Amino acid sequence: MNRMIRGAAGLAGPLALVAGLAAASAPPAAASTPVNQSYALNAVGHFSAQTVGQATYSGGSPVILPNVSTARILRTGIITDKAGAVSASSRIPALAMVLPGPGSLRAAAVSSSCRFNRKTGVVTGTSSVTGGQITRPGGRTIALPAHPAPNTRLVISDLAVIILNRQYTGPRGTLTADALWVRMRLPQRQKLVLATSVCVRADLAAAPPVSDATLGLTLGGLGLLVLAGIAYRLTRRRRKQAAAA
C-alpha cells in the first residue's frame, strides 16, 4: 500500500505538467459561442436590465428568482429558468405590468420553451400566456390568446405594441423564443422582453470536451516526452515488482 502511495506521488509532477499543457493549448471559451439558455427579462428604457435570471446549460440551471418588483412597472411571482443539453425554458407567474394611459397587462403566467430534436435535427420553440388580458382606460379589456402563433403582433392605441410568441433564428443556428415582447408608447419609452428561451441546433451533451486540434497540441512536443517518461517509469516499476515476486 505504501509502495502504491509513493508511486502515485512520484507521478504527480509529470501528470500536473500534462494537465498544464492541456489547459494552455485549449482555446478560451468565446463569449459568442452559442449555448442553450433562458432568462426572465431584458429591459431598455425607463429602467434597463440584461438577461435577468439567466440559466445556461454550461453555467448553471435551474435559476429561481423570488418575486420581482421593478420601477413600479413590473411585478411577478417566483420565476424559474432552465437550460439543458437540448432544451431551455422560462416561466414567469403572476405577471402584472403597468402600461401608459393608464392601462395594464396581467397574466397568471407567461412561458416559453425551445427544444432540439435529436432525430430530425430541427430546433423548435413555443410560448404560452395563461389568463392574459390587457386593461385599457375606461375598463375595457382585451383577452390574450393562450397559445399564440409565432410573432403574433398587437398594436394597442396609446398603450403599447406587443408581440406574443416572438421567434427568430440566429446566425449560428440558434432559435430564440420570447413569450412576450412589449414596446410601450410615450411617455414611458420602455421596452420589455419577458420569458426568453434560446436553443442551439445541436445536442450539446454529444459535443466532445476537447477538439482534435486541441488534443494534437496537448500530445505534441514536450507533452509526448512527458507521457513517454511516465510510460517508461510504469514499465520499469512493473518489471521490478515481477522480479521481486
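Helices (H or I, at least four residues) and strands (E, at least two) are taken as DSSP runs and numbered from the N terminus. The structure is a predicted model, in which local features need pLDDT of at least 70 and side-chain atom pairs count only at pLDDT 80 or more, whereas totals for chains, interfaces and linings use all residues. Residues are numbered from 1 along each chain as its sequence is written, and side-chain values use heavy atoms, with hydrogens and water left out.

On this assignment the chain holds three helices and 16 strands. Of its 245 residues, 39% count as buried, where buried means under 20% relative accessible area, exposed over 50% and partly exposed in between (1.4 Å probe, protein chains only). The chain exposes about 13,700 Å², of which carbon and sulfur atoms supply 58%; accessible areas come from the Shrake-Rupley method with a 1.4 Å probe, and for residues only the protein chains shown count as cover. With contact defined as heavy atoms within 4.5 Å, residues 24 or more positions apart account for 49% of the contacts in the chain with a separation of 6 or more.

Charged side chains were examined next. Side chains of opposite charge can pair when their charged atoms come close. A salt bridge is counted where a side-chain nitrogen of Lys or Arg lies within 4 Å of a carboxyl oxygen of Asp or Glu, and by this rule the count comes to two. In one of them, the side chains of Arg-118 and Asp-203 meet at 2.6 Å, N to O. This pair links distant parts of the chain, 85 residues apart, with Arg-118 in the loop between strand E9 (103-116) and strand E10 (123-130) and Asp-203 in the loop between strand E16 (191-200) and helix H2 (212-218). Arg-118 counts as exposed because its relative accessibility is 54%. The side chains of Asp-178 and Arg-166 also meet in a salt bridge, at 2.9 Å, N to O. Asp-178 lies in strand E15 and Arg-166 in strand E14 (residues 160-169), so the pair ties together parts that are 12 residues apart in sequence. Asp-178 is buried, at 1% relative accessibility, whereas Arg-166 is partly exposed, at 23%.

A positive surface patch is formed by Arg-153, Arg-183, Arg-185 and Lys-191. Patches are made of residues with over 30% relative accessible area and no salt bridge, like charges being joined within 9 Å and nonpolar side chains (Val, Leu, Ile, Met, Phe, Trp, Tyr) within 5 Å. Lys and Arg count as positive and Asp and Glu as negative, while His and the chain ends are not counted; the place of a charge is taken as NZ of Lys, CZ of Arg, CG of Asp or CD of Glu. The C-alpha atom of Lys-191 is separated by 8.6 Å from that of His-46, although the two residues are 145 residues apart along the chain. His-46 is placed in the loop between strand E1 (37-44) and E2 and counts as exposed, at 53% relative accessibility. Not counting residues up to four places away in sequence, His-46 touches Ala-71, Ile-73, Gln-188, Arg-189 and Gln-190.

Gln-54, in the loop between strand E2 (49-52) and strand E3 (55-56), is partly exposed, at 35% relative accessibility. Leaving aside neighbours within four places in sequence, Gln-54 is in contact with Gln-37, Ser-38, Tyr-39 and Val-63. Thr-169, which lies in strand E14, is exposed, with a relative accessible area of 63%, and touches Thr-174 and Leu-175 when residues up to four places away in sequence are not counted.

Backbone geometry was then considered. Most residues other than glycine have a negative phi, and most peptide bonds are trans. The peptide bond from Ser-61 to Pro-62 is cis, with omega near 0°, and Pro-62 is placed in the loop between E3 and strand E4 (63-65). Asn-151 has a positive phi, near 60°, and is found in the loop between strand E12 (141-143) and strand E13 (152-156), where its relative accessible area of 39% makes it partly exposed. Asn-165 likewise has a positive phi, of about 55°, although it is not a glycine; Asn-165 is placed in strand E14 and counts as buried, at 2% relative accessibility.
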